[in-house]
Amino acid sequence: MARFLPAFFKDGIDLDIVGGAEGPYDIPNKRVEYVRHEAPEGMLTGNWRGVGPTRNAPAIECGIDEAAHLAGQDPVIYRRRLLTGLPRLRAVLDLAAERAGWGTPLEPGRGRGVAVIADFGSFAALVADVQVTPGGTVRIDRMVCAVDCGQVINPVILKQQVESGIVYGLSAVLYGRLTVADGAIVEGNFDDSPVLRINECPRIDVHVVQSTETPGGVGELGTPPVAPAVMNAIFAATGQRLRNLPIDGSRLRRA
């Protein structure tokens with residue numbers, strides 16, 4: 001933001017980059033550090049859909065998943081214990097888990113993963129249902145999202161925004177790699193920088209909580225939880241914990 005919108009760069013802190021970095025959980029002792037690291041001069045940088053929370057959600061939500069695994073607890077139950085201070089977020093977590101059939105048996109090679117977000121004045125939980133082939137190919141079968149954005153003005157546009165945010169997030173998770181050479185981006189168009197195709201798009205279910213609270217934002221709400229939900233689902237399916245994006249299927253191949 002120091003380049004793009006200097007008003008958001010205050011006291012040496014980029015308010016966009018640290019967005020969502022504290023996470024929503026009731027953890028008494030937190031420390032968030034920020035180190036400014038700019039791109040080389042002449043390389044333009046700007047916002048990515050979902051802004052700060054999209055970058056920080058994988059660290060927070062995959063980290064919570066790892067903590068749940070180490071504690072020997074179900075990822076949804078573990079999150080619920082840490083969300084006592086945010087009942088609206090806890091409610092969408094319960095709703096998404098219920099509608100996704102959380103806890104029901106899955107075939108080998110399939111897994112479910114969950115992630116939540118509290119930002120833009122709204123709350124959302126996302127459950128990803130994925131399949132990983134022995135060759136390491138990841139197929140997204142279903143995405144179930146529960147949203148509480150306060151009073152809903154236009155429910156059709158709300159669902160469209162969440163659906164498109166999920167598709168955008170899946171494009172980043174599966175294909176969002178750019179190559180820089182000699183200070184320039186190598187990829188030029190959608191032939192060498194693909195996005196999610198219609199035949200790859202999973203079933204997307206969006207469930208909206210009826211509320212009389214002040215309306216919140218939904219334009220960027222659907223994107224941040226996509227990557228961690230998918231990465232957590234891959235772990236559930238394979239036992240492999242991924243920490244880099246986009247997904248590298250070669251790490252998921254099974255003999």
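F120 is found in the loop between β3 and β4, the latter strand covering residues 122–132. In this predicted model, the phi of F120 is near 60 degrees, a positive value in a residue other than glycine. Most residues other than glycine have a negative phi. At a relative accessibility of 26%, F120 counts as partly exposed, because that class lies between the limits of under 20% for buried and over 50% for exposed.

## Helix α1 and its surroundings

Helix α1 runs over residues 51–71, and its 21 residues reach 31 Å from the first C-alpha to the last, which is close to the 30 Å expected at 1.5 Å a residue.

V51, which lies in helix α1, has a positive phi of about 40 degrees although it is not a glycine. V51 has a relative accessibility of 14% and therefore counts as buried, the limit for that class being under 20%. After the helix comes G72, whose phi is also positive, near 70 degrees.

## A histidine in strand β8

H207 has its place in strand β8, which comprises residues 203–208. With a relative accessible area of 18%, H207 is buried. When its neighbours within four places in sequence are left aside, H207 is in contact with L95 and R99, and also with V144, C145, A146 and V147.

## A nonpolar patch on the surface

F4, L5, F8, I13 and L15 together make a nonpolar surface patch of about 430 Å². Of these residues, F4 has its place in the segment before β1, a strand that spans residues 9–10. F4 has a relative accessible area of 51% and is therefore exposed, since the class begins at values over 50%.

The peptide bond from L245 to P246 is cis, and its omega is near -5 degrees. Most peptide bonds, by contrast, are trans.

How values were computed: Residues are numbered from 1 along each chain as its sequence is written. This is a predicted model: local features need pLDDT of at least 70, side-chain atom pairs count only at pLDDT 80 or more; totals for chains, interfaces and linings use all residues. Side-chain values use heavy atoms; hydrogens and water are left out. Patches are made of residues with over 30% relative accessible area and no salt bridge: like charges are joined within 9 Å, nonpolar side chains (Val, Leu, Ile, Met, Phe, Trp, Tyr) within 5 Å. Accessible areas come from the Shrake-Rupley method with a 1.4 Å probe; for residues, only the protein chains shown count as cover. A salt bridge is a side-chain nitrogen of Lys or Arg within 4 Å of a carboxyl oxygen of Asp or Glu. Helices (H or I, at least four residues) and strands (E, at least two) are DSSP runs, numbered from the N terminus. Buried means under 20% relative accessible area, exposed over 50%, partly exposed in between (1.4 Å probe, protein chains only). The expected span of a helix is 1.5 Å times one less than its number of residues. Contact means heavy atoms within 4.5 Å.
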